Amino acid sequence: MNPSNRRDSFAALALGALGVVYGDIGTSPLYTMKEIFGPSAGVPLEHAHIVGAVSVIFWGLMSVVTLKYVLLILRADNRGEGGILALTALASEAAGKSRKRRTALLLLGVLGASLFYGDSVITPAISVLSAVEGLEVVTPALQAYVVPCAAAVLIVLFAVQRHGTGLVGRLFGPVIVLWFGVLAFTGALEIVREPSILAALNPVHAGQFLLAQGPRLFIALGAILLAFTGAEALYADMGHFGRRPVQLTWMVLVFPALAINYIGQGALLIRDPAALDNPFYRLFPPAWLVPTVVLATLATVIASQAVISGAFSMTKQAIQLGLLPRMQVRHTSSWEAGQIYMPEVNALLLVAVLLAVIGFGSSSALASAYGIAVTVTMAITTALTFFVVRHAWGYPWPVAVAATSAFLALDLLLVASSSLKFLQGGWFPLVLGAAIFTLMTTWRRGRELLLDSIRRDDPDLLPFVTQLAQDGMHRVARTAVYAVANPDTVPQALMHNLKHNQVLHERNLILTVVFRDVPAVPPEERVRVTPLVPGFWRIQVAYGFVDTPDIPQALEQCRAHGLPINLFETSYFLSREVVVPTRGTGMARWREALFAILSRNAGSVADYFRLPNNCVIELGSRVQI
């Protein structure tokens with residue numbers, strides 16, 4: 001790529017990053033200041049407290065987002081991929097061969113991923129509601145239309161997901177550039193009118209504010225942390241656009257615009273305390289309100305996009321790490337592998353978001369539910385980063401502790417603050433997260449039990465095929481591919497084929513697909529071919545957790561290993577296990593029943609591995625776990 005094309009590509013990625021990654025944190029000014037000085041947090045609306053609160057927000061953005069995420073955690077990419085599952089895989093790989101440590105890190109990462117789904121429901125609901133509530137500022141008569149309008153906006157947003165995050169990012173990128181420009185412009189106007197607010201840039205005022213809160217410190221922080229929500233999306237969506245575009249757009253545009261707007265809202269509240277009913281919209285003259293509501297609604301749609309695209313990436317990684325059953329994955333870009341669309345995830349998220357909008361009914365009510373899932377995920381991310389710094393990057397133990405301990409202490413302080421809102425709605429994302437965690441751990445444990453059952457009950461492969469080779473059975477001049485989870489036992493499909501059809505193919509490939517804890521496997525390491533006996537080969541195909549599995553394409557690589565395969569003369573035999581829950585020592589009966597349901601409803605193996613439909617034969621068997 002020549003320098004001009006490289007610059008154009010980088011600019012496109014940066015614009016896309018603005019349109020996808022920064023919508024969440026970029027729309028926090030809509031509601032944060034209102035919640036800090038509102039009745040729930042109850043911070044006094046006095047000059048010293050206003051300056052102090054704005055100072056905490058400014059230095060919180062500096063420490064939590066700039067220092068922790070932009071400068072530290074974005075460096076902890078797993079070969080270009082971000083997100084808590086990619087970080088979990090990297091930390092587990094670096095943590096050594098200790099099974100207990102790897103299991104503990106995996107469970108920690110699964111918990112963080114589960115809570116991210118809770119955030120993926122709350123963020124679109126609170127963002128869009130807070131924007132549409134600007135209609136109430138235009139005229140109170142429109143209050144009854146807020147929830148229906150918010151629901152309609154969300155339905156349209158989820159409907160356009162099928163066209164891909166690249167298209168969405170390019171469409172939204174210019175809008176979010178305008179949004180951040182408006183944030184900075186309106187904030188700067190208020191700062192000029194009340195320059196005393198610039199004292200908030202002194203971190204001493206942040207410390208004095210926190211000390212002055214006394215026993216209400218955690219309540220105040222529970223509202224202030226709304227300014228930091230969305231930071232996790234920077235890391236989760238890194239695989240879509242790359243690290244450098246995400247870092248550059250934060251430093252050059254997003255952080256300055258957010259800081260100026262928060263400071264400007266503080267200046268407005270000092271000058272006009274009556275603006276507390278909606279400090280953000282009171283930055284604008286009445287004639288600008290309707291255009292501002294439209295722009296804010298577009299910006300909050302972008303906020304929703306950040307977590308939706310992150311949920312797609314997270315789900316695909318979870319599937320290929322063995323944490324969720326197969327689902328349909330559609331790639332929406334020919335030049336950026338991370339841009340995907342998952343119809344089932346999209347539909348489930350839409351239903352959950354609409355229930356949250358209708359159930360809570362206002363952004364203030366949702367603010368109580370917001371934060372706890374985000375802050376726990378942030379704390380887990382910091383803990384996993386310690387293992388990356390210590391074991392993957394090889395820094396000494398004191399350096400690893402110094403790099404992460406302050407951030408972890410801050411994260412735990414935010415977790416404690418948000419936990420006070422548990423009964424007011426904080427339970428909602430936790431219940432969602434607990435449900436996802438149960439699904440993930442049940443699926444992973446169920447697959448382990450299923451493979452153990454197959455390994456225990458099926459005969460060993462090598463003696464079986466050795467006997468077949470010696471029997472002189474008539475062979476059909478075609479190639480048969482038997483996909484198996486365990487390469488050391490006889491495929492159920494092979495035994496059924498011999499029993500019912502009494503036929504053996506000229507070439508029989510015992511195929512195993514392995515997903516490694518890396519984002520992508522190099523093409524030269526994709527296929528491994530092992531001859532067994534005449535007419536039988538064992539083939540292992542390896543993928544990373546962001547690769548797109550394509551078995552026919554992988555089989556073409558067997559030619560380089562001395563095994564040319566004519567794909568037009570190849571049949572694929574698949575074993576479909578019907579799971580039968582039983583009493584025993586495996587899992588609780590209800591978890592086995594849940595695993596059986598998940599297994600029955602898992603996506604098609606043929607579709608997932610891109611097998612030609614007219615060459616696939618599925619043979620079922622019942623397996624007890």
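This is a predicted model: local features need pLDDT of at least 70, side-chain atom pairs count only at pLDDT 80 or more; totals for chains, interfaces and linings use all residues.

Visitor: How many residues does helix 18 have, and how far does it reach?

Guide: Helix 18 covers residues 372-392, which is 21 residues. From its first C-alpha to its last it reaches 29 Å, close to the 30 Å expected at 1.5 Å a residue.

Visitor: Is helix 18 mostly covered or uncovered?

Guide: Mostly covered: 17 of its 21 residues are buried.

Visitor: Now helix 4. What should its residues span?

Guide: Helix 4 (residues 47-72) has 26 residues, so at 1.5 Å a residue the span should be 38 Å. The end C-alpha atoms are 35 Å apart, which agrees.

Visitor: Where is the kink in helix 4 centred?

Guide: On T66, with an angle of about 35°.

Visitor: And why is helix 4 called largely enclosed?

Guide: Because 20 of its 26 residues are buried.

Visitor: Next topic, the largest nonpolar core. Which residues touch the most other members?

Guide: Y22, L61, W179, F180, W250 and I539, out of 179 residues in that core. Helix 6 (residues 99-132) gives the largest share, 14 residues.

Visitor: Pick W250. What does it touch?

Guide: Leaving out residues up to four places away in sequence, W250 touches Y22, I25, L61, V65, T66, V70, F255, P256 and L258. One of these, T66, is where the kink in helix 4 is centred.

Visitor: Why do nonpolar side chains end up buried together?

Guide: I can only give the general pattern: in soluble globular proteins they tend to be buried together.

Visitor: Okay, V357. Where is it, and is it buried or exposed?

Guide: V357 is in helix 16 (residues 343-360). It counts as buried because its relative accessibility is 1%, and the cut-off for buried is under 20%.

Visitor: Which residues does V357 touch?

Guide: A125, L129, V147, A150 and L154, again not counting residues up to four places away in sequence.

Visitor: Last one, strands 5 and 6. How do they run?

Guide: Antiparallel, with 6 bridges joining strand 5 (residues 527-533) to strand 6 (residues 536-543). V533 has F536 in strand 6 as its bridge partner. The two strands form a hairpin with 2 residues between them, and G535 in the turn has a positive phi of about 95°.

Note on methods: Residues are numbered from 1 along each chain as its sequence is written. Side-chain values use heavy atoms; hydrogens and water are left out. Helices (H or I, at least four residues) and strands (E, at least two) are DSSP runs, numbered from the N terminus. The expected span of a helix is 1.5 Å times one less than its number of residues. Buried means under 20% relative accessible area, exposed over 50%, partly exposed in between (1.4 Å probe, protein chains only). A nonpolar core is a set of buried Ala, Val, Leu, Ile, Met, Phe, Trp, Tyr and Cys residues joined through side-chain atoms within 4.5 Å. Contact means heavy atoms within 4.5 Å. Two strands pair if DSSP finds at least two bridges between them. The bend at a residue is the angle between axes fitted to the seven residues ending there and the seven starting there.
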